[in-house]
Amino acid sequence: MALVAAGAMTMAAAAPMLTPSLHTRSTVPLLADTALEAVAGKEPVGSQCTKSCSVGACEAAGSGGDDRPHTADDDGHQLPIQRVDLDPESVMPLADPAGSLTIRLRADGRLTDVSVTDAQGRHLAGRISDDGACWHSTTPLRAGTRYLLRAMAEDEDGLPGQASWALETAPPPPGNRLTAAFGPTPGVYGVGQPVVAELSQPVPAADRQARRLVERSLQVTSEPAVQGTWYWVDDSTLHYRPQTYWPAHATIQVRSGLDRVHVTDRLYGGPSQPLTLTTGDRIEAITDVAEHEMTVKRNGHTIRTIAVTTGKEGFRTREGIKVVLGKERTVRMRGDSVGIARGTSEFYDLPVSYATRLTWSGEYVHAAPWSLESQGAENVSHGCTGMSNDDAAWFYDTISPGDIVDVIHGYGTPMTVFDNGYGDWNLTWKQWLTGSSLAAVPRYPAITTAAARLRPTP
């Protein structure tokens, strides 16, 4: 739907409703009423403005659906007009708020600045094309919202001009709303903790435009700032992580911009609860299976070396980077909970102390006083990492959810990425980017969702 700045550009008497600053007289000439048009629902394409044209070189739809040529003075420059104030009643309707907003210059020259704000003063993010002929929003419009647009431009001789007018999007129709539930719960976590978004309704991979819109709307910021992106685990689940671990003592803000955004067909976004997380020290535990030793580091400095035992043949501890899921002071571990039949030589049923969970299938770091002779010498467990009571108590008190446990030099299968805890860090950054709908690279095909088969026991 194309809208040309016409009606609102010819009214000078009415007082502005949203911006008192429009009363201020300016020496900058106003752009002619056919100099700009607003187009809704167009996806930005490349770095150049699409369908741009010079003064007098093309025709475009004007307000009310009429076609009119561009107007120019004898030198080919756009004609300035009188000072324009925004009339509260002269708001141009946008029937469809789907997609992005484009402000296009229908004259020789360049846009130099564009500002689009709603009644609450929130800015619609966007960028000017390389050729200066148009401005594209990089976040979607909201339904049922009035926007104030201001544009600055200059002609080929550098003569500046400006324009201001308002647009209003249609309200969303009744129906279901797409929301996001963010996790984990608010609190302090280790630097390996991914952010999770669970959508209230699936967004199929085939609808790439809807996925791009959703991904842009789920916003994660941190202080200190880091580079990160979302990964679509499935149609309803996304994980967010930085290129490397979060900084220590960072504040992470997560919020959704989906409210009243047109997603697909008659599906619009609804309000979602924001989330704030913080990180503590950078705690990393590196378990060297071949050396039967765990090295624990805080902020890059070794603070303890622990003799351990890991999974024996047939029950090898999974290799790779795992994120601590939680801690249990005492947990009962039974072989039949993971498929080991009662009455067999491998069956166990034991209370275990200082249990730090690494996978949903039951891999823990815990106290194993029954295997003291093997700790530091051989691997005898059913998949867990065992250590002395003193070391396990210290580890339990030192470690937090979100901290890193990296198993190296082992013999087990690799840690899966998403189906058995947080294996997100086992993907390289290049591989992680392929899970984003905004990435322009092929999807990484080697992510496994095979069932976990760890056998946890002391």
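Reply: Strand β15 is mostly covered: four of its five residues are buried. Buried means under 20% relative accessible area; exposed means over 50%, and partly exposed lies in between (1.4 Å probe, protein chains only). Strands here are DSSP runs of E with at least two residues, helices are runs of H or I with at least four, and both are numbered from the N terminus.

A word on the model. It is predicted, so local features need pLDDT of at least 70 and side-chain atom pairs count only at pLDDT 80 or more, while totals for chains, interfaces and linings use all residues. Residues are numbered from 1 along each chain as its sequence is written, and side-chain values use heavy atoms, with hydrogens and water left out.

Back to β15 and its partners. Strands of a sheet pair through backbone hydrogen bonds, either parallel or antiparallel. Two strands count as paired if DSSP finds at least two bridges between them. Strand β13 (residues 180–183) pairs with β15 in the antiparallel sense, over four bridges. Within that pairing, A180 has L199 of β15 as its bridge partner. β15 also pairs with strand β18 (residues 237–242), again antiparallel and over four bridges.

L199 leads on to the core. The largest nonpolar core holds 35 residues, and L199, V214, L218 and W230 have the most contacts inside it. Strand β15 (residues 195–199) supplies the largest share of this core, four residues. Another core, of 20 residues, lies apart from it; A107, L141, Y147 and A151 are among its members. A nonpolar core is a set of buried Ala, Val, Leu, Ile, Met, Phe, Trp, Tyr and Cys residues joined through side-chain atoms within 4.5 Å.

Now a sheet. Three strands form an open sheet with mixed pairing, in the order β12-β21-β20. Its edge strands are β12 (177–178) and β20 (262–264), each pairing on one side only. β12 runs parallel to strand β21 (residues 267–269), with two bridges between them. R177 stands opposite Y268 of β21. Helix α1 (residues 208–217) packs on this sheet and touches β12 and β20; its direction makes about 145 degrees with that of β20. Touching, or contact, means heavy atoms within 4.5 Å. For such angles, axes are lines fitted to C-alpha atoms, for helices over the stretch in contact, and values run from 0 to 180 degrees between N-to-C directions.

Next, a polar site in a loop. N379 sits in the loop between β29 (364–367) and β30 (385–387). N379 counts as buried because its relative accessible area is 13%. Its side chain makes a polar contact of 3.2 Å with the side chain of H292. A polar contact of 2.8 Å joins the side chains of N379 and T310. The rule for a polar contact is a pair of N or O atoms within 3.5 Å; within protein, one must be able to donate a hydrogen and the other to accept it, and residues adjacent in sequence count only if both atoms are side-chain atoms. Leaving out residues up to four places away in sequence, N379 touches V289, H292, T309, T310, G311, K312, R316 and Y411.

Then the charged pairs. A salt bridge is a side-chain nitrogen of Lys or Arg within 4 Å of a carboxyl oxygen of Asp or Glu. By this rule there are eight salt bridges. One of them joins R122 and D118, with the closest N and O atoms 2.7 Å apart. R122 is partly exposed at 37% relative accessible area, whereas D118 is buried at 6%.

The side chains of D281 and R298 also meet in a salt bridge, at 3.2 Å from N to O. This pair links distant parts of the chain: D281 is in the loop between β22 (275–279) and β23 (283–288), and R298 is in strand β24 (residues 293–298), 17 residues apart. D281 is partly exposed at 27%, and R298 is partly exposed at 31%.

E328 forms a salt bridge with R357, the closest N and O atoms being 3.9 Å apart. This pair, too, links distant parts of the chain, with E328 in strand β27 (residues 326–334) and R357 in strand β28 (residues 349–357), 29 residues apart. E328 is partly exposed at 29% relative accessibility, but R357 is buried at 19%.

Finally, V39. It is found in strand β2 (residues 36–40) and is buried at 4% relative accessibility. The C-alpha atoms of V39 and S100 are separated by 8.4 Å, with the two residues 61 apart along the chain.
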